[in-house]
Amino acid sequence: MLRSLRCLFLLLLGLAAICPLPAQSVPKYTISGYIKDTANGEGLLGATIAVVELTKGTNTNDYGFYSLDLPAGHYTLKVSYVGYETQSVPLDLTANVKMNFDLHTSAMATKEIVVTAEKKDANVTSTAVGRQELNIETVKSIPAFMGEVDVLKTIQLLPGVMAAGEGNTGFYVRGGGPDQNLVLLDEAVVYNTGHLFGFFSVFNSDAVRSVAIEKGAMPAQYGGRLSSVVDVKMSEGNMKHWEVAGGIGLIASRLTIQGPIKKDKCSIILSGRRTYIDLLTKPFLATYQGGKYKKDGYYFYDLNAKLNYIVSDKDRLFVSAYFGRDVFDFKAPEGDFNIHFPWGNSTVTGRWNHIFGDKLFMNAMFIYNDYRFDIKSDYRGVIFGVSSDTRDLGAKLAFDYSPLVGHMVKFGVDYTNHMLTPYQTQGVFDSVSIQNTNTSSKYGHELAAYVADDFEVNKWLKINLGLRASLFCLAGPYKKSIFDSTGAKIDSLNYALDQPVKTYYGLEPRASARFKVAKSTSIKAGFSLTKQYIHLVSNSTTTLPFDLWVPSTLKVKPQMALQYSLGVFQNFHDNMFEASIEGYYKQLFNQIEYGDNNVPGIDQDVEDFFVFGKGRSYGAEFFLKKARGKFQGWIGYTLAWTQRKFPSINNDQWFAAKYDRRHDLNVVLMYEINQRWKLGATFVYASGNTTTLPVQLFYQEGTIHEIYGPRNFYRLPAYHRLDLSVTYTFRHRRFPKLHSDLNLSIYNAYSRLNPYFVYVDVQGNPYTGSIKTSLKQVSLFPILPSITWNFKFGG
Amino acid sequence: MIRSLRHIYLRLLLAATSAALISSACTKDITGNLPDLGTSTVVDGNIENGKPPVVLLTRSTRVFGDLNINDLGAFFLHGAAMYMTIDGDSTHIPLEEICLRDLTAIPDSLKWTLLYSLGVTVYDSSSVPDVCVYTLPLSELASYYNTGNCPHCGAEQHTYHLNIHVGNKTLTSYTTIPQALGIDGLSIRNAPNNDSLVNVMATITVPPSNGHFIRYWTQRNDEPFYTPYSGSVYDDKLWVGQTLTLPLERGIPGYIVSPDPVTYGYFWKGDTVTLKWANIDSRTYDFFNTLENDGGGSPFSAPLRVKSNISGDSVVGVWAGYAVKYYSIIVPK
């Protein structure tokens, strides 16, 4: 399999070599620069600059930069971006030239919901397979759970992406586990994306500028995960005017301030969000049952900050940071148990953009991210603490280079230093203290280099070829346990600081091709080989604050996936409608699960409970979107199979993964009645999750116990839900700079009791009467209305 | 109580979270077809130092069948051929089936022993099923009860092999009764914020080498011995070389799923408390550790399959060796 992939890769590489663009006999010059939003000075990513006479062009990169090589001559440049007025500029090209463009929001755009920020036919013309971009305005137009606009829940409405559970921000992509999604916030990895056990994502929508997901042939610049990349970019801050925006909802409020420290030179954005359910309930808890619960509470908060400094035409600096915490406090009414449990992420990204010459764009990054929890409790005088820490320190050097018209080359290197500290426990009772010594931190160095070229072979064929080479080295200090034949630990081998323990490496070829069969129709194919060196193994069906990330070790080998994709893309009615059908087949190697007899112990290395196997997933995704007009939205449907095979589970037979969901349908509708009223609706239907239930009961020492059936043999009832929203936009004639709206969202409008989980309930005392067993379904959320007031002042 | 230290987060926290979710959520009965995968043979056997081996042989039942003590007699497997060997000796020591109905001449204390091993808490001759066990032949039992002489009773630091032939299945197992290490003693400590409840404290000196496993039961006055709600087994990895005094958790009947949080784990002033403290081998520990930690049904944990120490087709259960020491203390009023 791998050999055939290498052959295919070399074949495509050869094809690129023998299909050069026509040689130019006249001198060539470069035009380059930035395309920005006039209103706030932010770079527009994916904006198009087209040369009318040559019917060629290019798009801006993630920072709004473009570069285009042309023969000397007279041209007309057409600069466009959906939702903005198109500019046509004549150009007499006789030398290298820098041209920046400021695009104005079109009058039409102000009346409509902007569904996409993509180039309007990007889905047909690009080589991207399985890529979807979401404008933050789209995210805000969809009914929100408890009024909290959530980018991850919007992503779950796309085909191929499935929600991990009721109201949960965790998601599965094309049969991969939640840990196989690389979630980036300004290039920093976010290890735990959920607040409140995953019911809310850590992304404050007011601070988010754009969201994109890659679920097909992952571009070579991304690595370290098997299934998808969710790239969340924070707003850069308004370079023109100061503005204040925010929202007041039922459970949380938000406030964002942004503006120029120095106009068109330096901007800053500060954004915060906090839940106040604890503050609202405190007065009631203070008197309820004599105040027994007055010290209980839960809240979370987020802080985002970003500084954007234009040093010169060639240099820009960015510093962005995120800090978020959940805090849970509980004191038992009996007074003998209390717990304080904070957890959360923090990230810092420093970036330096530099343009070498006119063609080479550099993005140098320093990245720090950390996820930790730290539990402290007192149970009848037993003081106990558990903490865990997942910390990355890394740097990236990424280059965009456009050597010729029709070529966009990306290359770079990434390095990450991982420190993964599993459960660290301390306990004190009177004079007795314990501290675990068997679960010390693990250290790893992850290094990758990549190169990719997105090039237009001819009018019909466009190819993206990429190669990523990755390496992971587990380094000391490290303790290798040695077990006897019965599995009992008999000795250990210690590795010194930075002493290599185990090194894994490999090539990860990526390729995709687009064949344009008509003006608005294309066929795309792609394949990718991806490796993952950091793993999260979880028993749960949702993301939890105490999930542990573990590195590849002597025992835990890197996960690997091989994915093939094939799709047909068709636009209709001048790109008003976008349609696609994509099929995929994915093979997964070195998959990790907990074994059947896993009992979590705080004094044991979690990897001792792992078992290893393989997986496969395949399916088809259908997508139809209406991208313009008063009535917009999309329908996504996925038909999928996801299976796993482990020697030590289900007698080495294939079984349905917990991510297996045969049908997944999402309908998203948005309708703008007029400038004041907007309606939104989403409908979700999904086959039930799989789970494992007991099939037999037995007595042991007079107590009834359960014998489970095969892994994941039972499928829960189907899930479906309708959400509705209505938004009223206020007119503020006395305060023309104030814009505000009131959003009413109804989650689960017909109050469907969807299955959250199912269990076998055994009731009764075997010695006093008959035992009754029944199958119970637990449902979380009935109909949940919420109301949020959003405002924006200035700008 | 000691065990709860190990699981206070990973179990208590998960359980609390699940409970909070369930209590705030809606629960309803649904119908669903669970596959019929037949039944399993269930072995519930033990051998304690100074006592005869006892093996209960039953079968499992499908989930949606009625399962109560009055029907339990129907689950016993009769007519099995069973024997035990000790260490490397090939001598077969037969274990014979004895049912309560056959024990008219046997003292009630043995009946109680048998019933306790099932966890039966209320003796009512009209409702107690016809319990059957496999144990030493009646002649050996009579000698044991009359003279105390019991050459095939359990003894410390010996390994006991069990062989069962039932139906067309052959089941085998072995267990070792380790050295009985015991504890240093019991003491009393008043419960905080409550005048009538106390903690019974055990002072333990853990040997400098690890690899020791413990199971314990408590008895309050004339009640049977019960295991603690939070689990009955633990290992000493975290305590090696230390002398520590920790609260014991009062055992409760296994069918109680929601103990009273106020009195949970405590004893009352005036109680006579007896501790049954047993060293066990790792295989016995693994069985009870997996049996008692199944969080099935919670969305936050996967079902746990019991790690039996019985080999054979479709079998679950344990053949447990106990190195037991007993301790008593009277709690002042």
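These legends describe close-up views of domains and their contacts in a predicted model.

**View 1. The two domains of chain A.** Chain A is split into domain 1, residues 28-111, and domain 2, residues 131-794. The distance between the C-alpha centres of domain 1 of chain A and domain 2 of chain A is 34 Å. Their contact involves 19 residues of domain 1 of chain A and 20 residues of domain 2 of chain A.

**View 2. Strands on the domain 1 side of the contact in chain A.** Three strands of chain A, β1 (28-37), β3 (56-59) and β4 (65-71), each give at least two residues to the side of domain 1 of chain A that touches domain 2 of chain A. The largest share of this side is five residues, and β4(A) supplies it. Sorted by class, the side of domain 1 of chain A that touches domain 2 of chain A holds six nonpolar, eight polar and five charged residues.

**View 3. The two domains of chain B.** In chain B, domain 1 covers residues 41-177. Domain 2 of chain B is made of 179-292 + 323-330. Ten residues from domain 1 of chain B and eleven residues from domain 2 of chain B take part in the contact.

**View 4. The domain 1 side of the contact in chain B.** Strand β9 of chain B, residues 169-177, provides three residues, the largest share of the side of domain 1 of chain B that touches domain 2 of chain B. By class, the side of domain 1 of chain B that touches domain 2 of chain B has two nonpolar, six polar and two charged residues.

Note on methods: Residues are numbered from 1 along each chain as its sequence is written. Chains are lettered from A and ligands numbered from 1 in the order in which they are written. This is a predicted model: local features need pLDDT of at least 70, side-chain atom pairs count only at pLDDT 80 or more; totals for chains, interfaces and linings use all residues. Domain bounds come from an automatic or database domain assignment. Two residues are in contact if their C-beta atoms, placed from the backbone, lie within 7 Å. Helices (H or I, at least four residues) and strands (E, at least two) are DSSP runs, numbered from the N terminus. Ala, Val, Leu, Ile, Met, Phe, Trp, Tyr, Cys and Pro count as nonpolar, Asp, Glu, Lys and Arg as charged, and the others, Gly among them, as polar.
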